[in-house]
Amino acid sequence: MRSVDLHSKKLVARYGLTGPQMLLMKHIYEAGDIGIINSTLAKQVSLSMATITSIIDRLVSKQYVKKTRSDVDKRKVYILATDKCKEIMSQKPSLLQESFTTQFEKLQDWEQTLLLSSFERVARMMDTDSCEASSILFKDELEH
């Protein structure tokens, strides 16, 4: 948790954005010119719609993303990256999870299994199932 906090402080100091804001911007940026809807974004990052909406509203006010209604279905609102977002994402800011995943994948299979077992045990001990951040810290993609 300390590592996550320190990395988030570095992101704020360098870009003026928190880790969760940067994570959402990355997914929005990767959606391209088509954009992405809130519910899809919420599933991708494993956060609630309320959390997503709050973060998106802050990103809109800072002009990193914009909202556009669908021409086909007016109920759908797409979130798109602005030039300001694209500029930051072109710098490829490091998200802690990506750094961890890259290093984790370089480990031997037996080391990965040992670490996953330990992480899962710690997660159960901390009751992370009831914590929204657990899905960010322990992504399914780490499982083999």
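## Model basis

This is a predicted model: local features need pLDDT of at least 70, side-chain atom pairs count only at pLDDT 80 or more, and totals for chains, interfaces and linings use all residues. Residues are numbered from 1 along each chain as its sequence is written, and side-chain values use heavy atoms, without hydrogens and water.

## Helix H3

H3 spans residues 38-45. Helices (H or I, at least four residues) and strands (E, at least two) are DSSP runs, numbered from the N terminus. Its buried residues (under 20% relative accessible area, 1.4 Å probe, protein chains only) are Asn38, Leu41, Ala42 and Val45. They lie on the same side of H3, because they cover an arc of only 100 degrees around the axis. The arc is taken from the directions from the helix axis to the C-beta atoms.

## Strand pairing

Strands pair if DSSP finds at least two bridges between them. E1 (residues 36-37) runs antiparallel to E3 (residues 77-81), joined by 2 bridges. Ile37 has Tyr78 as its bridge partner in E3.

E2 (residues 65-69) also pairs with E3, in the antiparallel sense, over 5 bridges. Here Val65 stands opposite Ala81.

## Around Met126

Met126 sits in the loop between helix H7 (109-125) and helix H8 (134-137). Met126 is exposed (over 50%), with a relative accessible area of 54%.
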